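Hi everyone, thanks for making time. Let me put the structure up, and then we can walk through it together.

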Amino acid sequence: MEAGLRNELVDEVHAFVDEHWNPELGVVAWRRLLLDAGLAVPSWPTQWFGRDLPAWTDEVVWEALRTVGAVAVPVGGGMNLAAPTIRTEGPDPVRERFLAPTLTGEELWCQLFSEPGAGSDLAGLSTTAELDGDEWVVSGQKVWNTSAHHADLAMLVARTDWSVPKHRGLTYLVLPMDQPGVEVRPLRQMNRHSSFNEVFLTEARIPRDWVVGEVGRGWGAAMTTLAYERHFGAAMRRPRYAEGAGRTLTEARHEAEEHFATYSWYPQRAGRADLLVEHARQVGRDGDPLARQGVADALARQSMGRWTAERAKAARALGRAPGSEGSIGKLATSELARRAGAVHGSLAGAHAMLRPEEPPVGGEREPAAVVNEILESVPGQSIAGGTDEIQKNILGERVL
């Protein structure tokens, strides 16, 4: 049955592209056609642009679109975090307002969760939102906010009630970023990239009805977003677009380039286990038993992490909600990054402390040249998306 449905969908995509594809239409207008046809997210409910099909059908349709030279859904946090959270949590007026422009890429999103005093203890946040007639008035500070410098909207968790326990006094809001009360400042990282921002909110305004879930129940909605975030890495693959010309493909390529430029150092953050064998050969230690043991250990862990990611992918294909695989995979990735970084450091020796004149991106230069950036980037792997300690608490308290 699965093979039959897969073939039917691929055939339908080919027919749809033959009839509707226009390289000069523009990427937003093209994606609107996909929404109307139920081919943007076929696994979603029919009420919300889908067809109630199994979860795996999304990837089948997206790949079929790219194979014939067309464009699928946008990349980034809007598609992978905001949209599924809003679809899951509602309410319907919020779904009606935000799902379509997020799925077409008309509105870009960022995430305003962490604060200087509330990172791992997210429920301890102090950014406040108070009702003033038909608007929420928000003041506070957020930090580690990817893409805040060009986002249209933000997933914001703020405190709306100080009289109840901290987890119960939070509300999940949609913040318009382009307004006087929102100031975005880039953060300079120790690896010399600036992927993150801090955001200062001074009486910023939000329409009263732009609440995801319910007032006072923002913690549950935030946990939904974080569950999707732990699987976000699997959605970080750069889409393959055809070589053809035209406005639609040009806009899609620009969208992807702008998004992935922010993450250019993420391979280094993950430890670059893929460069270990070449690095050992370069420095003449590929025959050293200790070096070989370290390389083998890292590569074995890399394989285990890949298998865990496949388990998560299989669970999503069956329509299951994000589960323990996200936290397990996050912990495994952090451990792999540390071990691979340590092996790179031992292979490079004192040269690991030296920076190249230009920061390398994605291993475009020889392994020895990226070691310094690997060592400066790896610590972030154990922090981003929830610290290792938090992941262990999630597994211990909610899974085991």
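**A walk through the model**

Let's begin in a loop: Arg 192 lies between strand S6 (182-186) and strand S7 (197-207). Arg 192 has a phi near 75°, a positive value in a residue other than glycine. It counts as partly exposed, because its relative accessibility is 26%; buried means under 20% relative accessible area, exposed over 50%, and partly exposed in between, with a 1.4 Å probe and protein chains only.

Before going on, a word on what we are looking at. This is a predicted model, where local features need pLDDT of at least 70 and side-chain atom pairs count only at pLDDT 80 or more, while totals for chains, interfaces and linings use all residues. Residues are numbered from 1 along each chain as its sequence is written, and side-chain values use heavy atoms, with hydrogens and water left out.

Back to the backbone. Most residues other than glycine have a negative phi, and most peptide bonds are trans. Trp 144 is another residue with a positive phi, about 65°, although it is not a glycine. You'll find Trp 144 in the loop between strand S3 (135-143) and S4. Is Trp 144 buried or exposed? It counts as exposed, because its relative accessibility is 53%. For a cis peptide bond, look at Gly 90 and Pro 91, where omega is about 0°. Pro 91 sits in the loop between helix H4 (77-89) and helix H5 (92-104).

How many of the 7 residues of strand S5 (residues 170-176) are buried? The count is 7 of 7. In a regular strand the side chains alternate between the two faces of the sheet. In S5 both faces are covered: Leu 170, Tyr 172, Val 174 and Pro 176 are buried on one side, and Thr 171, Leu 173 and Leu 175 are buried on the other.

S5 also has partners, and two strands pair if DSSP finds at least two bridges between them. Strand S4 (residues 153-159) runs antiparallel to S5, with 7 bridges, and S5 pairs with strand S8 (residues 211-212) in the antiparallel sense over 2 bridges.

Over to helix H1 (residues 2-20), where we find Asp 18. Asp 18 is exposed, because its relative accessible area is 68%. Asp 18 and Val 68 are 50 residues apart in sequence, yet their C-alpha atoms are 9.3 Å apart in space.

Let me zoom out to finish. The protein has 13 helices and 8 strands, and its C-alpha trace spans about 65 × 55 × 45 Å along the principal axes. Buried residues make up 49% of the 400. Finally, of the contacts between residues at least 6 apart in sequence, 71% join residues at least 24 apart, where contact means heavy atoms within 4.5 Å.

Key
Helix = DSSP H or I, 4+ residues; strand = E, 2+ residues; numbered from the N terminus.
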